[in-house]
There are 2 protein chains.
Amino acid sequence: MTSTDTATAESRGAAVLLDRTRTVVTPQLRATVETLPGSIRRVAMYHFGWEDPDGRPTAGQAGKAIRPALVLAAARALGGEPHTAVRAAAAVELAHNFTLLHDDIVDEDPTRRSRPTAWTVFGMPDALIAGDAMLALALRLLAEDRHPAAAAASARLAACVIELCAGQQADCAFEARGPHEVSLDECLAMATAKTGALLGCACALGALYAGAGEEEVAAMDAFGREAGLAFQLIDDLIGIWGDPERTGKPAGADLAAHKKSLPVVAALGSGTPAGAELAELYGRPGLDAAGVRRAADAVERAGGRDWAQAEAADRMARAVQQLSRAVPDLTAAGDLLALAEFVTRRTR
Amino acid sequence: MTSTDTATAESRGAAVLLDRTRTVVTPQLRATVETLPGSIRRVAMYHFGWEDPDGRPTAGQAGKAIRPALVLAAARALGGEPHTAVRAAAAVELAHNFTLLHDDIVDEDPTRRSRPTAWTVFGMPDALIAGDAMLALALRLLAEDRHPAAAAASARLAACVIELCAGQQADCAFEARGPHEVSLDECLAMATAKTGALLGCACALGALYAGAGEEEVAAMDAFGREAGLAFQLIDDLIGIWGDPERTGKPAGADLAAHKKSLPVVAALGSGTPAGAELAELYGRPGLDAAGVRRAADAVERAGGRDWAQAEAADRMARAVQQLSRAVPDLTAAGDLLALAEFVTRRTR
């Protein structure tokens, strides 16, 4: 088999895993969301894509379920019973969706999963309050779970949420700074907190539910974090060079928005003429299509594209190394590897 | 002793209790808040009154600590060791302050504890994110506690937060409705969720930390809820007839803002000519000083003032009845009674 064949087989494997995860986790997730008080439930049901704004059922799907799949796969890899971790998987997905609801408010994003965001439909106050309730619901689900790992999992998820908040806060703060005022280290730390932390937490919760020891739990967390960072790097590359037909966004959307994504910050800090050109372009109030093309070209010539690709590969290598600390026989960790490959190879 | 003497003695007792609570709980609360990541910590330290917007220490005080005092007093009343419940008391205070941070955003309130609200100082996004982190921190504090009651307490606090969210959402929804479109029952349910639930939860957590059984915990919760509703009724009366010198707000501030407080809703639903007059006044876009005086007079003539006073007294009686279910010998519950008297007799 060539490496492309392997990747395709792994993607197919991941797609099956995600399907299976949704089959198991969605009923738990939905039953939990349905316990919310009426007016809050409506916002949550809309956000998950299960209802339209008027409360009529829709055929929508509540995201790809990557984080729940990581919880279940991590539990399985460490010899646990994945079905005992379904509540934990649903809790992680609830926490993830709480961040989406609030991030959309903070970033004033109009669209999520090809639909108007909840705050544009129900107003900022109701979306904010629904997010709060969803976070409380996530931690309640774990606090009410009778599994012996539930308390440790609950503490870990709560700590992770604080880290997610720090990541989101840093992201907002970076937006307000000038082109040279964000270092690559700060940017990597932000991406680790905003994206890596919850993928790490998902894996750690799976390990906890398998009864793993502290070192295995820590290694699983590190696996998820490194894979999460690789995912963010690829996502940032797609934000610049992604195919508009596949991403559903105009080409170079992140550049037009002057987003300080990882390849951009690497280019800005490169000390090259192309980096200086990019800084000049980012100093302008807006970029037209030609400006976006020039900026993308400048990121590439400044080495931002190559750096991000190499860094993503490096992070994936570190992820696998961490995984082998938790699961010495990597054949038992095939699902986790397939999921990590899936999130870093996705094209949109 | 006359009844006024008794009330004064109880207020003095409550003031001492609150002082003692702050001495014990503030160090825990502050140490916990100081674990937050830098930029979020700054917002939280400002909100609690411990720092100015630039991070310089201030002599401010982080609220009266009524909820933590209820946790410790409930634990003591049921034969528990209050010092084992200090973390739980801090968690409840954190959850309370999370609601204040987010309520100020949702209600666009400019002032809290005589200082500019956090969102006006740090911007909406940072205040929203700090509130999220504070909620996660509250539940983390309980999840990390090794007391045998910690898991049950954590589940209870998370469930309470969902109820608080429902109350806040209902409060917002009522603001948008016309004068006759909110029933007194809806308004009482909203106040129970928004104010009673957390006072009830504080008492229930104290009971849990004393190792109390389900029935005692439920009775303690009911005691806090009823006392909380009495508190809200008194607060609403103060919002109309409070002395501006003591409340720090102009006379009839709630009427000028067309707030659908409990005495107002009772008056609107009275079916009296004065109730109709009030509805007419509330139908106008704004009220000047003379209009506010006429509205206050209409609430009184429609029976809203008398009803709220009688209802508050009734709720306090029910609170004491519930308390006697949890603590048959009420002499052991003196602190709880003193706190309940304090919150319902306060003049601002």
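Helices and strands are DSSP runs, with at least four residues (H or I) for a helix and at least two (E) for a strand, numbered from the N terminus. On that basis chain A of this predicted model has 16 helices and two strands. The radius of gyration of chain A is 20 Å, close to the 20 Å that the globule rule gives for 348 residues, so chain A is as compact as a globular protein of that length.

**Chain A overall**
- Of the 348 residues in chain A, 57% are buried.
- When contacts in chain A between residues at least 6 apart in sequence are considered, 72% of them join residues at least 24 apart.

**A:Arg22**
- A:Arg22 lies in helix H1 of chain A, which covers residues 3-33.
- Because buried means under 20% relative accessible area, A:Arg22, with a relative accessibility of 19%, counts as buried.
- Leaving aside residues up to four places away in sequence, A:Arg22 touches A:Pro27, A:Gln61, A:Gly63, A:Lys64 and A:Ala65.

**H3 and H8 in chain B**
- In chain B, helix H3 (residues 66-77) packs against helix H8 (residues 184-209) at an angle of about 35°, with the two axes 7 Å apart, and the crossing of H3(B) and H8(B) is right-handed.
- On the H3(B) side the contact is made by B:Arg67, B:Leu70, B:Val71, B:Ala74 and B:Ala75, which meet B:Leu198, B:Leu199, B:Ala202, B:Cys203, B:Gly206 and B:Ala207 in H8(B).
- Sorted by class, this contact of H3(B) with H8(B) has nine nonpolar residues, one polar residue and one charged residue.

**H3 and H4 in chain B**
- The axes of H3(B) and helix H4 of chain B (residues 86-106) come within 8 Å and cross at roughly 150°.
- Since angles over 145 degrees count as roughly antiparallel, H3(B) and H4(B) are therefore roughly antiparallel to each other, and their crossing is right-handed.
- Here B:Arg67, B:Pro68, B:Val71 and B:Leu72 in H3(B) meet B:Val86, B:Ala88, B:Ala89, B:Val92, B:Glu93 and B:His96 in H4(B).
- By class, the contact of H3(B) with H4(B) has seven nonpolar residues, one polar residue and two charged residues.

Conventions
Residues are numbered from 1 along each chain as its sequence is written. Chains are lettered from A and ligands numbered from 1 in the order in which they are written. This is a predicted model: local features need pLDDT of at least 70, side-chain atom pairs count only at pLDDT 80 or more; totals for chains, interfaces and linings use all residues. Side-chain values use heavy atoms; hydrogens and water are left out. Axes are lines fitted to C-alpha atoms, for helices over the stretch in contact, and angles run from 0 to 180 degrees between N-to-C directions. A crossing is left-handed if the near helix is turned anticlockwise from the far one by less than a right angle, and right-handed if clockwise. Contact means heavy atoms within 4.5 Å. Ala, Val, Leu, Ile, Met, Phe, Trp, Tyr, Cys and Pro count as nonpolar, Asp, Glu, Lys and Arg as charged, and the others, Gly among them, as polar. Angles under 35 degrees count as roughly parallel, over 145 as roughly antiparallel, 65 to 115 as roughly perpendicular and the rest as oblique. The radius of gyration is taken over C-alpha atoms; the globule rule is 2.2 Å times the number of residues to the power 0.38. Buried means under 20% relative accessible area, exposed over 50%, partly exposed in between (1.4 Å probe, protein chains only).
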